[in-house]
Each structure stands twice: as C-alpha cells, then as structure tokens.
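Me: I am new to reading protein models. Could you walk me through some features, giving me the idea and then the case here?

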Number of protein chains: 2
Amino acid sequence: MGFHDKLSDAWASSDSMLCVGLDPDPTRMPPAMAADPEGVLEFCIGIVDATAHAACAFKPQIAYFAALGAEDQLERLCAHVRDRHPRTVLILDAKRGDIGPTAERYAEEAFERYGADAVTVNPYLGTDSLEPFLARTGKGVIVLCRTSNPGSGDLQSLLIDGEPLYERVARTARDRWSRLGEVALVVGATYPNELSRVRAIVGDMPLLVPGIGAQGGDVRATVEAGRDSRGYGMMINSSRAILYPSTGADWAAAAREAAEATRDQIRAIA
Amino acid sequence: MGFHDKLSDAWASSDSMLCVGLDPDPTRMPPAMAADPEGVLEFCIGIVDATAHAACAFKPQIAYFAALGAEDQLERLCAHVRDRHPRTVLILDAKRGDIGPTAERYAEEAFERYGADAVTVNPYLGTDSLEPFLARTGKGVIVLCRTSNPGSGDLQSLLIDGEPLYERVARTARDRWSRLGEVALVVGATYPNELSRVRAIVGDMPLLVPGIGAQGGDVRATVEAGRDSRGYGMMINSSRAILYPSTGADWAAAAREAAEATRDQIRAIA
C-alpha cells in the first residue's frame, strides 16, 4: 500500500486529521524522565501510545534527535510506530534538499534507516533534487510550499509574473512532481488564505499543515480553507500543545486529552 | 577568531582555495577498507591527513554519514580535523532549513555536536529561519544561492521584477543577513555567468563553489568569475575527484596528488 492509500486508510480508520508532531525537548519533558536520549525515547513512546487512536500521522522532527545525538533512539521510535501502530502514517520531518547523488543518501536515511512512509523536502534545488525521493515506489514526498513561520513570505511570496513563488511550487507539484511519485505539500495553518489558494490549485492532493496550537493557527479557518472534496485532505500538525500540557504524573493522560480535544475540534468543522 | 577571519587565514596559510568534500561512498572506497562506519572514518581521516596542506577547507556531507548511521564517526572525524588541522576551515554540509525553534536545534547539531566552523543552509523559509544560525557568534552561515545541479534553475532562475531569485538571495544576503552574522553563499561552478553576477552583487563575501571535478565545472571559468578583489574569496569544492582517483594501495597518495593538482590549477589562474 502506497503513501496516499495508507493516508486515506489512516483518515478513515482514525476519523482524524490530527498529526502529532514529535519534537522532544528534554527541558520540557516530565521531570521524572531522564533528560537524555533514552528519556526522550521513553517520553516519545509514551506520547505515541497515548495519542495513536486520535491521530492519522506521527511526525518526528529529526532536528530534536540530531541535536542530542539520539539517532539510535529515533530508529527505535520509528520501529515502535511501525510495529504497534501500523495504520498510522509515519512522516520523517527532515526538510532535506540536495543535489541528486546526495539526495539519494537522504532518501536512504528516511526510507530505509528510519522506515518512514513519507519525508518532508525543500524544493529550492529544483526537480532533479526531488527525483531520488519521488522515485521510491509507495513513499510520500512532502514538499515545502508555504511554511508556517513569520518570515515564510520573504522568498515564498515573491511574485513571478504576478504569481507568488509558493503557488508556482504548488502548480509544479501538481503538473510535474505528482507524475513522478506520491506528492503532498506543506502549507502553514498560520496562512489560511494561502492554504485556500493552494487547495484550489492542487485538487485533492494531501497537505501537511503545521501551525495550529503553539504557533497560533486557527483550527476553524484551517479546516475550512484546507479540506479536500471528501472532507479530509490534511495532516494538521500539533506538536508542543500535545506534548507538554502537563509535566506531572498525568503527562500521558494530558497528552491523550489534548490530542482527542484537537481531533474533535477538527472533526466538528470538517 | 570568527569564520571570516579563520577562512582568510586558511587561504593565506595554505595558499589554496580548494575545499575537499568528504562524501564517503563505501562502494567506491579502497577494498582494503571495511564498508561500514568505521571503514568510512578510517578512509576520511586518511583523505584529510593526505590533503590538508593543499586545502583551505574540509566539507563533510552529512547525508553520506546519516545514510549509514555513522553520526558517531562523523563526530570523531570533525574532532580530528579540529585537533590536527586547526587552521583548516570545517564546513558541515547539511543544507538545513526549518522554522526558528527547530533551526535552533540544527544550529546545536552543527556547531556544538560537530564543532563546525560553518554550516550550509537553505533560504526557502526566510530570514527568521536563518537567525538561529546567524546568531552564533563567530560561526559561518553558508546560504544556498545558485546550486550546481542541472535543475537548479527551476526555482532559482525564476524572475522577480526582472531579477532571478538567486540574485535576490544574494542581495538579501548582502543587505540583511550579513548584518546578523558571518555569511557566505553557495554558487555552483557549473554556472560561471551566474557566479560572476553573484560576485558583482556581494563584493568580497566568501563563496562556496561546488561543481568542479566530477560535476564538470571549468576551473578557469570558475576562478575568473568568482575571485574577490584580493584574488581569493572562494572555497572551490571537489569531492569525488579527490576521494576516488585510485582504490589501490596508493589511494592516499593519489588523493594527495589530485588535491595538489587541483590547488595548483586554481592557483595558476587566481
């Protein structure tokens, strides 16, 4: 089963568009947990098991593991998700982008080493830099389009013949990259107007939508702007709001409640 | 001593603009070497010690280590460069780019974990995504501008009010990012006209120039287009042509000869 089919199955089986972002910060984890790579793994597995029923996807952010030298723990976390929650999509958030032979190594990292269903990539280097990812049968390639950060417009909103760069990326994804593989796009919840524009361009292509929760994106505006013709179409990511609602003994239960509440909030609108 | 001063010192002490790219491929290493992470470390240390006198910089490409699960070996390789060749600039080629809190983790990875002098970054997410790197006093931030791959023009050559995107990146680097930290730009040797345009925009800002050697960039055209007002100004990268001229018992000597020949070829023009 390829990425798009697995994602459709995950939306249906979980009835959720929530993606739980795994950005483990040892300084914000429950104090009962060791502030080291093994503590990070224990925390993330606890979060995964507490929230899987309410999520269509998990998205570990590799930077949080790389800063700690916790690649081994990330491998074990990914294996845990695949083994215990096989219907939940596993996205490696790595935002890779490099020339062909090097991109091939990053594809090995994402798909063989970590066994991800999909990886986030940066389009700045052009089509040939995406091809090693797109060529992996059944794997998902989630291309940055309009990101959720305040400065995302610095390049992404520059106008090319009257069309912002992020819309050009969306059109290229629709017309070119989607013929080469299984494509999705990153569009921030912090920009609902742009999300709506991208949805109009790409039809039912899946969108990974960060920016609700701690980043302030509005859930109603996001769902209304980004849902597809079937009422799904998005992996709406929340990281910090799910991971850190409590650092007490109830941390896992608090994460479960936060995930269920976000899922319900999305579901009520979709 | 900050990145720019260390680089100027490296140009002067080595009288070389060669940057040796460390892209270790176990299938191309000498057969006497184990095709595993420890073999990769042994090979890279051999290359480093054979070529340091002829190079201003070493540039390990993290993808080649990440695909093998060889982060520990990359740490030890970086420590070796810092300890044994302290006047040679150490660039982590990672092409990172993410929103602020995540970019901060990537900065930790590059500058604390690996102890690099500089890291390559992708500008697609805008200024705030670069700030965590730029804020590191004395560290270098090498921003992708016009990359060496065949498809680099797909986005980078799009015209904004008549100006290609890569030139906009160069101007922004000059006018904005260079006020926030120590900046350099990546411009491919495969595009000497564009290299010349970028040099005209950025004055004496250092350029990391991949694309000679296996990628086919012409050394004479590169040096003539890219040198700065002092006759230096570039880290001209060669990876495969230095790493793999021989897989026999003479592999280290062959790498030394390839590095010296490339250095001399550059020096004769500069």
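Me: Let's begin with helix H8 (residues 165-175) of chain A: how many of its residues are buried?

Reply: A residue counts as buried if 20 or more other C-beta atoms, placed from the backbone, lie within 10 Å of its own, as exposed if 12 or fewer do, and as partly exposed in between. Helices (H or I, at least four residues) and strands (E, at least two) are DSSP runs, numbered from the N terminus. In H8(A), eight of the eleven residues are buried, and the helix is mostly covered. Among the buried ones are Leu165(A), Tyr166(A), Val169(A) and Ala173(A). They pack against several elements of chain A, including strand E5 (140-146), strand E8 (182-187) and helix H9 (192-202). Contact here is judged by C-beta atoms placed from the backbone, which must lie within 7 Å.

Me: Before we go on, what kind of model is this, and how are the residues numbered?

Reply: This is a predicted model, in which local features need pLDDT of at least 70 and side-chain atom pairs count only at pLDDT 80 or more, while totals for chains, interfaces and linings use all residues. Residues are numbered from 1 along each chain as its sequence is written, and chains are lettered from A and ligands numbered from 1 in the order in which they are written.

Me: Thanks! Which way do the side chains of strand E3 (residues 89-96) of chain A point?

Reply: In a regular strand the side chains alternate between the two faces of the sheet. Here Val89(A), Ile91(A), Asp93(A) and Lys95(A) point one way from E3(A), while Leu90(A), Leu92(A), Ala94(A) and Arg96(A) point the other way. Eight of the eight residues are buried, so E3(A) is largely enclosed by the rest of the structure.

Me: What are the strand partners of E3(A)?

Reply: Two strands pair if DSSP finds at least two bridges between them. Strand E2 (residues 57-60) of chain A runs parallel to E3(A) and is joined to it by two bridges, with Phe58(A) opposite Leu90(A). Strand E4 (residues 118-121) of chain A also pairs with E3(A) in the parallel sense, over three bridges; there, Ala118(A) is the bridge partner of Ile91(A).

Me: In chain B, what do the eight strands close into?

Reply: They form a barrel with parallel pairing, in the order E1-E2-E3-E4-E5-E8-E9-E10. For a close look, take Cys19(B): its bridge partner in E2(B) is Ala57(B), and Cys19(B) also stands opposite Asn237(B) in E10(B).

Me: How do helix H10 (residues 219-226) and helix H12 (residues 251-269) of chain A cross?

Reply: Two packed helices are described by the angle between their axes and the distance between the axes. The axes of H10(A) and H12(A) come within 9 Å and cross at roughly 50°. That makes H10(A) oblique to H12(A) (under 35 degrees counts as roughly parallel, over 145 as roughly antiparallel, 65 to 115 as roughly perpendicular and the rest as oblique). The axes are lines fitted to C-alpha atoms over the stretch in contact, with angles from 0 to 180 degrees between N-to-C directions. Val219(A) and Val223(A) are among the residues of H10(A) that meet Gln265(A), Ile266(A) and Ile269(A) in H12(A).

Me: And how many residues does each chain give to the contact between chains A and B?

Reply: Chain A gives 42 residues and chain B gives 41. On the side of chain A, H5(A) gives the most, with seven residues.

Key. Two residues are in contact if their C-beta atoms, placed from the backbone, lie within 7 Å.
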